[in-house]
Amino acid sequence: RAGEVIARRTMEEIARAGEPPLVLVKNNTDGKGAAYGTHENYQVARRVDLDDLIRGLTPFFVTRPVLCGSGRVGIGQRSEVPGFQMSQRADFVENEVGLETTFNRPIINTRDEPHADPARFRRLHVIGGDGNMFDCSTYLRLGTTSLVLWAIEQGIGLEWEALALQDPVQDTWQVSHDPDVRHRVHTAGGRDLSAAELQQIYLDLVLATYERLGETPDEESRAVLDLWGDVLDRMRADLFSVAPEVEWVAKYQLLSRLRERLGVGWDDARLAALDLQWS
């Protein structure tokens with residue numbers, strides 16, 4: 001948010017100086033094949049096995065855009081297919097685990113520069129998130145991820161193993177391409193789940209971890225847990241009811257109404273222009 005304020009002030013100063021207008025945007029792709037990340041970094045206890053992080057986080061990251069995607073007009077890295085999707089970054093995911101950030105991008109990035117005592121801490125570098133304009137979407141993105149990481153640090157069991165996906169990369173694309181939240185991912189436990197249903201299981205696992213440890217969430221964690229659950233409940237009952245909190249839903253609602261009013265398809269240039277204006 002501080003970066004956004006600085007960017008806005010820069011645009012205003014340029015305008016006051018009488019210079020040609022400078023327009024800065026906050027998005028993750030130009031729609032023509034280029035992508036740029038909104039990276040997150042989390043400090044994780046070194047004692048946690050990397051395999052546990054990969055197993056625990058992969059299904060979470062595949063479905064997390066249902067809570068905090070920023071929405072995008074166009075499907076495919078070059079927007080070659082008309083349509084609307086949840087995430088601006090999803091089409092650029094090409095690998096499950098890896099070190100790269102600018103090509104062959106993975107779901108789980110293994111870059112580990114903790115900027116702390118490396119014997120005690122790992123830096124988890126997350127490259128798959130969208131640049132949100134909604135503060136609430138940023139809050140959900142960071143808050144839910146922090147809580148899932150906390151739960152993994154406490155030790156994960158077979159119930160986490162059962163969430164493993166058959167094809168996480170393909171599911172990343174398909175979840176994002178389905179703004180009606182109907183696509184179902186197939187898990188190792190034999191269940192077919194929507195992105196919202198899988199997120200509910202993660203919320204339940206975090207709550208179960210508190211119960212197992214006999215702990216009560218602190219005030220900040222409780223606030224994230226409550227919003228996480230409330231958004232998922234309302235989303236499954238009425239998707240557009242979460243438009244005030246979930247950015248991609250708000251954008252989808254706005255653009256869908258414009259598309260209906262104009263009587264055009266998703267390939268209309270005015271929809272792409274509004275998507276850019278949003279940023």
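Biologist: Buried means under 20% relative accessible area, exposed means over 50%, and partly exposed is in between (1.4 Å probe, protein chains only). On that scale, is Ser176 buried or exposed?

Modeller: Ser176 has 1% relative accessibility, so it counts as buried. Bear in mind that this is a predicted model: local features need pLDDT of at least 70, side-chain atom pairs count only at pLDDT 80 or more, and totals for chains, interfaces and linings use all residues. Residues are numbered from 1 along each chain as its sequence is written, and side-chain values use heavy atoms, with hydrogens and water left out.

Biologist: Which helix is Ser176 in?

Modeller: Helix α6, residues 168-176. Helices (H or I, at least four residues) and strands (E, at least two) are DSSP runs, numbered from the N terminus.

Biologist: And what does Ser176 touch?

Modeller: Leaving out residues up to four places away in sequence, Ser176 touches Gln85, Met86, Ser87 and Ala90. Contact here is heavy atoms within 4.5 Å.

Biologist: New topic. How many aromatic pairs are there in the whole structure?

Modeller: The search finds 11. Rings of Phe, Tyr and Trp (its six-membered ring) pair if their centres lie within 6.5 Å; planes under 30 degrees apart are stacked, over 60 edge-to-face, the rest tilted.

Biologist: What about Phe84 and Trp266?

Modeller: Those two make a tilted pair. The centres are 5.6 Å apart, with 35 degrees between the planes.

Biologist: Where do Phe84 and Trp266 sit in the chain?

Modeller: In distant parts, 182 residues apart. Phe84 belongs to strand β3 (residues 81-85). Trp266 lies in the loop between α9 (247-262) and α10 (269-278).

Biologist: Buried or exposed, Phe84 and Trp266?

Modeller: Phe84 is buried, and Trp266 is too.

Biologist: Now Trp150 and Tyr210. Why does that pair count as stacked?

Modeller: Their ring centres are 4.3 Å apart and the planes are at 25 degrees, so the pair is stacked.

Biologist: Which elements does the Trp150 and Tyr210 pair link?

Modeller: Two helices, in distant parts of the chain. Trp150 is in helix α4 (residues 135-153) and Tyr210 is in helix α7 (residues 195-213). The two residues are 60 apart in the chain.

Biologist: Are Trp150 and Tyr210 buried or exposed?

Modeller: Both Trp150 and Tyr210 are buried.

Biologist: Last one. Which residues form an aromatic cluster?

Modeller: One cluster is made up of Phe60, Phe61, Trp160, Tyr202 and Trp228.
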